[in-house]
Amino acid sequence: MPRPRPPARPAPAQPPSRRGVIGAALLAALTAGTAAGCGTAASRDPDGPLTLWSALRGTDTLVAEWNARHPEDPVVFDMVTSGLAGGNAKLSNAAQAGNAPDIVSLVDADLPSFAIDGVCADLTGLVPPRLRTALGPQAWTNGEIDGRIYGIPLDLGPMLLVYREDILDAHGIEVPTTWDAYHQAARKLRRDARGVRLGTFHPNAYNVLAAHAMQSGGQWFRTSEDAWTVDFLDDPTLRVAAYWQRLIDEDLLMVAPGSSQEWMSALAGGRVASHLVGPWGLAALSRTVPDTAGRWRAAPLPQWDPGRPVVGTDGVSVHVVTADSNRNPARWPSAASS
């Protein structure tokens, strides 16, 4: 589920930002590929404009700036809605019809299924070493499957603890830095503030549970001998599940679906004092509960072992090139030697 984020600048001022390097390198490489004669099924014209679908807020601004600077290599942009029933379904239908766009933004969690279905082109030979170095090895894990690159990472999405400073201060609660401290803070807030809970457990938020399992060392999916191995019952995941079940059993959390009216009403009414989410959640809070603006603060995610800090991710975005745009890979200019 792609989340709104500020756009990359295709030609950023010096020194270039990490996101600017990604956007410029990707668009430049792919536009060069189109100009070299690799036509797209989406446009049916080998010399036609490159097409881009994204649910990321601000991408229209990026495209407008690119088109202003590169009128000879225009990009046609289509803003899609996020989620399984939105942009994902639209992409699946377009790919089946053979008219997928050239580039589409995806959440890293959705990348494997599209890659397996043959929707995503293999970009391994188009990624220059300088881009790999600039982003670092951790970023590439979000777009890499079995040693092959199918997505260009746009960002990293480390989980954060976003909290209401006014509520915690009013009850003398320190910002928890460990999960044990989070548990104790939840107990104190429930005892001292009637009807207020420290956080929320979202039954529909698989991404949050996955990030917590990741932080604890869990790995739900892996490949072995050309087959997928799925394991939701490894020790780290069971540890995480037991932790959150204990807080639910003690009635220390609000239990409500994410993005539900029930949950948003509790946020607006000050009945939930913290939120565990990726960086995109800060912008989402400002839109969802605007009356609480200025009361939220962000802190590092609580740790199991402070001496060995680990953070799970939530909401990482990648840009992929569809197979429809890459019907003849040999005609793409190789970037591997750049």
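**Close-up views of a predicted model**

Helix H10 is followed by Asp251, whose phi is positive, near 60°. The model is predicted, so that local features need pLDDT of at least 70 and side-chain atom pairs count only at pLDDT 80 or more, while totals for chains, interfaces and linings use all residues. Residues are numbered from 1 along each chain as its sequence is written, and side-chain values use heavy atoms, with hydrogens and water left out.

View 1. Helix H10 spans residues 235–249, and its 15 residues reach 21 Å from the first C-alpha to the last, close to the 21 Å expected at 1.5 Å a residue (the expected span being 1.5 Å times one less than the number of residues; helices are DSSP runs of H or I with at least four residues, strands runs of E with at least two, both numbered from the N terminus). Thr237, Val240, Tyr243, Trp244 and Leu247 of H10 are buried (under 20% relative accessible area, with exposed meaning over 50% and partly exposed in between, for a 1.4 Å probe and protein chains only). These residues cover an arc of only 125° around the axis, which puts them on the same side of H10 (the arc is that of the directions from the helix axis to the C-beta atoms). The face turned away from the buried side of H10 carries the exposed residues Asp235 and Asp249.

**View 2. The open sheet with E12 at one edge.** Three strands form an open sheet in the order E12-E7-E13 with antiparallel pairing (two strands pair if DSSP finds at least two bridges between them). The edge strands are E12 and E13 (296–300), each of which pairs on one side only. Strand E7 (residues 160–164) is joined to E12 by four bridges; His275 in E12 is the bridge partner of Val162, and Tyr163 stands opposite Ser274. From E12, Ser274 and Leu276 point one way and His275 and Val277 the other way, and all are buried.

**View 3. Thr124 in its loop.** Thr124 lies in the loop between helix H4 (111–116) and helix H5 (129–135), and counts as buried at 18% relative accessibility. The side chains of Thr124 and Asp122 are joined by a polar contact of 2.6 Å (a pair of N or O atoms within 3.5 Å; within protein, one must be able to donate a hydrogen and the other to accept it, and residues adjacent in sequence count only if both atoms are side-chain atoms). Not counting residues up to four places away in sequence, Thr124 touches Arg148 and Ile149 (contact means heavy atoms within 4.5 Å).
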